[in-house]
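The following note concerns the model shown below.

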Amino acid sequence: MKNFQILRYIKKILPLIIVFCLLATGGVYFKLSKSNSYIASEVIHYNDAQAEQGLAPTGDKLDVNEIKSSAVMSKVVDKMGLGGIYSVDSLISRVNITPIEDQDKVAQKEAKLEEGEEYVYEPSTFIISFAATSSEGAAFARTILDETLDVYFEQFSQKYVNVAPANNTIENLDKNDYDYIEMMEMIDTSIDSTLSTLYQRIEQNNYYRSTETGVSFSELADDFNYLRESKVSSLFSKIYKYQITKNKSVLISDYTTRIDNNNISNAKDDSIVEDVVTVIDAYVTKMRESGNTNITYEYILDNLHERNVQDYVGDQTVTYDELIYSWRDHRESKEHAIIDSAYCTYVIETFANCTGACDGSCGYSNSTCTELSNVYYTDIKNEVEKEINALLGELSELYNTTMKTNDEYNKYLGASYISVLSSASVRESVNVPLYTVITFFFFMVIGCGGAIVLGRAGDIINYIFYTDHLTGFNNRAYFDKYLKAKDKKLLDDDVVYCLIDIANLVHINGEYSRDVGDEIIIMFKDYIKENFGKSKTEYIYNGNGSFVMLTEETDYITVEDIMRLFRLRLDEREERREVVIEYKIGIAETFKENKTARKLLSEAIKNKKAYTSDLNGKE
Amino acid sequence: MVTSILQKLIILIVGIIFLVSAVLVYFRSKNVNNTERTQIFKTAEYFNAWIILACFITTMVLGIFNHYELKKSVHAIISLNYSEASQALNSNGTRYNMAEIVSDEVVKRAIEKGALKDVTVKELKNCLSVYPCVQGGVRDESEYHISTEFAVEYHALKNTAHLDSENVIKLITAAYKEYYIEKYTDNFKLEADKPDFTKMEYMDIVAYFNKETTSILNYLYGMAEKNPSFVTTGNTTFNAIAGEVHQFKEAQINQNLKSLILQNGIVRKQNEYVDRLSYQNKNVDFDRQKNDVSYMLCNQAIAMYSEEMTRIVLVPTWDQAGKYYMGRTKVGVDELSVMATNFSDYVAANEKEIMDNNLVINKISSNSPGAQLYASADSLIESIYGSIKDFEKTAINAGREYSSHKMNQCIAVNIYGISIINELKTMLLFAAFTYVSFMLRHISKKFPKKA
């Protein structure tokens, strides 16, 4: 059997291995590219000091998962016009939030907890990622992530920072059947509430100016104030002066009910105030009796000095303060209700007032005195209606500007409370080039391994089926296979077939024994090998003392010389000199007419010449 | 589109020639032996004039089509030059979003700006892509990066093939720059229309002027807070302009105009205006009563504190801001005292408002100004209005100057067209491939078809 030579096996099918590897690698590359996804990631950090306690600026629990809430994602879907293409849930499932812990803080927390001290630490830096499929592309992943964070920043500010609303509550006021004075009260209340919101914003950031609307909160407040001073008060005075109402009875009933409600509320407050005073007295008495009031200021000062009062320890309102405060609040509520009732009485008196111009008929009528007596009443009423509508228009415009300014302020606050540490970067979930290279080498290893296994298996098969075990040459079966394989192929030039037949092998076997015959065959094999040396030759033992040598890259003369040397060697042999060997040698070289293997072989057979090696009597 | 097809067709034809020739050589090589095969390759005319000419012509034709195809793709680099960009913020402090570069609004502006025909926003948007020139990573802090340069790529598609690519990218970047400056840089709202002063009460005009000048002052103080030392080309600062406006407001509006109107009782509709002020007084009086009650209640609450209990709570200490207060808590006496003072201030303010209104009512009732005074007031109003508009322009110009110089125009744009070197490289590669294909075809003919 042939030696185990790895390179021989590999070399044999190397082109096939390479082609297989390239095809397999191409397939894997295609599959990886198709199934690959793009992951856009951004690092954000909550700047607020309370974030590390897991709290939002308002003190509520900070829930980072709000980034992928349906409230945020549905806005993203709307903003990007993806409605009907993507479901909110499918996008939510692709958002991933990974906290990044500050290792120093974690170590500090563990140390404190080990000592039995309370220590709260929650990560305030997070990686936000969004995964897009290969067909959606990297740009899609980046855009969705950008839009999601845009919406979240704004929502964060709305929910946790800029919480006071500045909504337009009077938008459809003219469509509802409110009385004029009620409409004006609602407008006034709305302006009042908007102004207090705006003043809060001014206090937070006096010089903030929206780049979109070009106005600051302070300018908006000025605009609202201006409208209130000039137009709202003007309309109020007209309505009062001309007793303009849609329904006098309803109006008077409404304000009378308000007075009744205030009276009930006052009675309730009176009772509460009385109770609070009783509790305060009882509290003080108990404190006095328990000796707590005898504590000197030195004792308290010492106590305070022991503690670091500069460390904020939260609300320290004591029960006694709360009781006093409660007393004040209820008294204030009662006193304000009394003033409100006075205002209601003023409204009722204004609209029920009779100047005498109607001859007292307004007292029994559902119309006011002015309505009955002033011929211009309808014109004035229409004018007031028109002015109210104009005022509502102006206010709506102002509210729109306020909303836009507020929206931008929310975005601004969101970005100042949450900073971006690393802007959106996109990477592939699988490193396709790397895995492609790995795949190529993997298949190469598999291919080469396979080649070695197959090669060695081929060697074993060859040894079993295609090798003559006496000579070690290829056997007849191999030669048949060879001829069959060469049937449709042309031989190259410089191919020489050489045949050697031991003609009297049967005789030798009979006369000297079969072993001698075998010895002669082995001797022939050795001399053939020796003489053909390193030439490119395939050796075949065709059975019955017949040898075939298929030599390439040579010529007739060379092989003829080799045969001459072979004969000389045979004639000078030391072994079995007593045996007379008759043998034939046939040589044929490829020419135009005999370019196929079978033709060349028959030519070689045709060219056989007989020789005898008889050493008897020779020394 | 046609050029793209022709370009691909040429490459396909050459590719087919290469494949067919290679297959022919492979199969026909079986009809000859090694020696003959070697001989064929050795004797092939490698410098065949016809092959070289055919190769040259094919390469040139492809080069022309390739040039037309490349002209369809251009890209631009948008750099953010303002300081907030390094924090991933717009210049107004909101979060920067790169996707806005190719947003519907920007694309629409570009189409309008270039009067581009037969193209919709969606079609043009499909040809555009944007990505950061440098992107960081998130695995490690050292990889963090805030992108401030973005590449915008345009590749013409079927619907936009009729547009000049370079022109489109120029329009997109210009539209974005315009959009960005409008949306994110300092802005000051201008009053669109001049109000009809003849329909406004004189005292309302004073309030209106006050409102307008306060608005200008606010803008200037805001800008001064950003950069107090910025000097405009007119050699002035925001604070200097604000000083002028403030002086003008006090002197011209609150002294001259207001005094003229008040002292002479100048009014358009006397009864209506007096009624309005009376209503205001009534209304303010309700507020005054409420504030007064609240003030008294705060005082009463403080008085209610038991002596023994105050001894416990009233200990001198200080709060987080470093201010001293009495007791362990500010909610008690201290808080009530502060509230009482506030309510007292409100009461005083209410009373002042009532007194002011009464003064106006008295002046209006006791005066009957002549036509000359009305003319003086009207003339002064016009003059003040003109001055306010001038101040407005000065303030805006100073603000714009600050934006353009100090913020380096916010955004810089560089446009990159076709690279001749890249085109030449492609042509050389294709020429080599064509030569090999044609040569292989030539050699394949030399092999016998049969053995």
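1. This is a predicted model. Between chain A and chain B, seven salt bridges are counted. One of the residue pairs joined by a salt bridge is Asp340(A) with Lys290(B), whose side chains meet at 2.8 Å, N to O.

2. Which elements of chain A give two or more residues to the side that touches chain B? They are strand 1 (37–46), helix 5 (137–161), helix 7 (217–241), helix 8 (248–289), helix 9 (297–306), helix 10 (319–352), helix 12 (377–417) and strand 4 (418–428). Helix 10 of chain A supplies the largest share, with 15 residues. Sorted by class, this side of chain A has 38 nonpolar, 23 polar and 27 charged residues.

3. The contact draws 88 residues from chain A and 86 residues from chain B. About 7600 Å² is buried between chain A and chain B, and 59% of that area lies on carbon and sulfur atoms. On the side of chain A, the residues that lose the most area to chain B are Tyr207(A), Thr211(A) and Tyr226(A); together they make up 10% of what that side buries.

4. Finally, the division of chain A should be noted. Chain A has domain 1 (37–161), domain 2 (173–409) and domain 3 (469–613). Taken over C-alpha atoms, the centres of domain 1 and domain 3 of chain A are separated by 86 Å.

Methods:
Residues numbered from 1 in each chain as written. Chains lettered and ligands numbered in written order. Predicted model: local features only at pLDDT ≥ 70, side-chain atom pairs only at ≥ 80, totals over all residues. Heavy atoms only, no water. Domains from an automatic or database assignment. Contact = heavy atoms within 4.5 Å. Buried area = accessible area lost by both parts, 1.4 Å probe. Salt bridge = Lys/Arg side-chain N within 4 Å of Asp/Glu carboxyl O. Helix = DSSP H or I, 4+ residues; strand = E, 2+ residues; numbered from the N terminus. Nonpolar A, V, L, I, M, F, W, Y, C, P; charged D, E, K, R; others polar.
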